[in-house]
Amino acid sequence: IPQMEAFWKQTDKAQQAFWDQSKCSSAKAAKIMMDLTEKMIAVESLLSESQDLQAMDIQERLFNWELMVKMIDSLKSCIPEECKCRLNIVSNILDNLTVKNTLSVRQKEELLTDLHKAFWEQLAHFSNECTQQSKDLILKRLECRAKKREEFKERQKAEQGSLLSKTFQSEDIHDFVKAYHELLEKHRQAQWELEEEDDCESTEAVADLYKELYSKVSHALAELVTELFLQTLPVVTGLSVRECELLKEEWQENSVPQLEKWETHRQRRWKLFQEQLLQEKKLWIKEYALSAVMQKHLSEKQEKIIQGVVSRLGCLSDESVNYILQKHRLLLCSVLRRLTLRRAGMAALAHMRLSRKKSLLQELREQHTLQKGSSPCQDEDQWQLQKAVESHILEEEEKLEEETHQTHLEFHQQLVTEIQEALQFLQQHMEQVIGRTLLQHAQREAGEKSSDDGQDFKERLVEAAVESVYGTSSNINRLVQNYYQQLGKITEGYEGKKLQQLKSLQAERSERNRLRNKEENELALKEKQTKGLLNVSSTVHQRMVLQQKKVLAQFELQQQIRLESLKQKLLGLRHLQTELENQLREAEQDFVSELAALARVPVAVKKKPSKRSKPAGEKTHSKRKTFQSPESADKDDSQENIQERPGLTSGLCRERLQSPHEGETEPRKNSKMLKKRSNR
């Protein structure tokens, strides 16, 4: 999250540097940033999809590795189990000979000791050979893999260079991003399949090696037993060769069912392991589903929040609102992608923490299942022993379940904390984005207002009227008083309409509240009537959750109604304000026209550009006109020129709206100046 925050700060600085260096217009810069944001959203979407696929591929590879390890361990355990089985059968045969007094106890112990030593020497040799030859085999395969990887990287680099060397127009950026992402995904998938194929081939090679060594060691063990029965026993016991051959055949006959029994146990253990692995896969699928639900919930909640914030900013244009929403969507996608990865990491950490106890519990289950299947007919002691084992397994399962719950709760709390931090970062960044957007909007508004040069025109008009000999003090005073009276009437009318509109809105709101309360009362009455039909088995928690949802729904409805009421109020006030500004502008235009007519001062101002195109010389000449002499034009021309400039008195109207006293300062000052000049 801090890395992401630093990245977005750097992006914002780059945007500001771009604006400062390019010197482009604000509209063009806004369009560029909107396009960039849309492309970044597309990139985040592609990265999120790729991340989900990689997480699933990694988990699938882990399961494959567990299968490979279990298979190799199962093959390695064949020789020790066969050694135990063959030694037990030989020991039983020698015990029978000891009972028949054909073989003494000391001789039996010596023979078993020698045979046991020879068996475990073969077993140690088998283990060493497996380890050494496996290492050599894997090292060779790793060397081949490294060569393949280098060749694969060279091909990847060439393909990427070929794609990057192509020229793309600004309209084809989306296609370029999609093509580049598909190329990277193709390379990743190809490398993944190459490694997976190499893993499978390595595992099969090691398995074949173990089977070959197992066959050699099994043959060596059989040779040792044959030597015992056909060479050592005739010398020690004095039995005939035929009798010793019969003992060997008995050993072979007894070995076959024992080895088959052990193979059956091995297959059942393998089946139990596959079932456990399937349960683990289901848990991971559930974890992915929970992660998707969390991501959807956070996305919908944040979208709802930003929509509510934007709906309260009624002064912004549609382009600014779209930019805010797009920027929020981009940051939200980036945050959710990292939170999804973090959740998968925490699930893996929880699995690692619990893996040891799960393995021990799985071993207990396997032993209990194998013992239960090996002896269907049991006596009282065996039955009691199995009951005790089952109770122990249940206790361990309860402990594991409790520890699993605690571990998941711990990681969940940590994840919630990190989610809150990430959303706090998102909120702070969006506050800055909205603040910059509002600032740019205010700067544009101020620029439009400052572009009006009506104040300069009024000063020039006053100077021209002062220099005129036709305006007297009484006429000018009467004109100013009439203008103030007209302003007062306009203001009183505005206040009356405003009060009337507020009363009307209040009445409408009261009526809506009355109707809504009536509907709520009817709904509550229906719920009370149908309360007895509710399911009695519903828990208190469910009823509390339903009540909480109901209260939240009512609160959101009230907020929405209040927001709509405020919007209507704001819309009405804006309409009245626009009407007031128009009336004040008309009154000021009339005042300026009457003043110019009274003083007989014709004034020529910059006209609006005509729809027809003009030559460059005429345009330049029209922009740089000055005051003319009284003899050059008549009164009608001056009035026409004044009326053609509707925005001259907007500054005075705004001053009048902000402060009536401030609005009266300039006309009174101008009237005093006119009085002095007229008396002179």
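Student: Is Ser565 buried or exposed?

Tutor: Ser565 is buried, because its relative accessible area is 10% and the cut-off for buried is under 20%. Keep in mind that this is a predicted model.

Student: Which helix does Ser565 lie in?

Tutor: Helix H11. That helix covers residues 540-599.

Student: And how far is Ser565 from Arg509?

Tutor: In sequence, 56 residues separate them. In space, the C-alpha atoms are 7.2 Å apart. Arg509 sits in helix H10, which spans 473-529.

Student: How exposed is Arg509?

Tutor: Arg509 has 31% relative accessibility, so it counts as partly exposed.

Student: Which helices supply the positive patch?

Tutor: Helix H10 and helix H11 do, with at least two residues from each.

Student: Switching topic. What does UniProt list for 563-590?

Tutor: An unreviewed UniProt entry gives "coiled-coil region" for those residues. In the model, the span 563-590 is 100% helix and 0% strand. Its end C-alpha atoms lie 40 Å apart.

Student: Take Glu401. Where does it lie?

Tutor: Glu401 is in helix H8, residues 380-450.

Student: Is Glu401 buried or exposed?

Tutor: Glu401 is exposed, because its relative accessible area is 58% and exposed means over 50%.

Key: Residues numbered from 1 in each chain as written. Predicted model: local features only at pLDDT ≥ 70, side-chain atom pairs only at ≥ 80, totals over all residues. Heavy atoms only, no water. Helix = DSSP H or I, 4+ residues; strand = E, 2+ residues; numbered from the N terminus. Buried < 20%, exposed > 50% of the residue type's maximum accessible area, 1.4 Å probe, protein only. UniProt positions renumbered as here; feature names shortened; annotations may be inferred.
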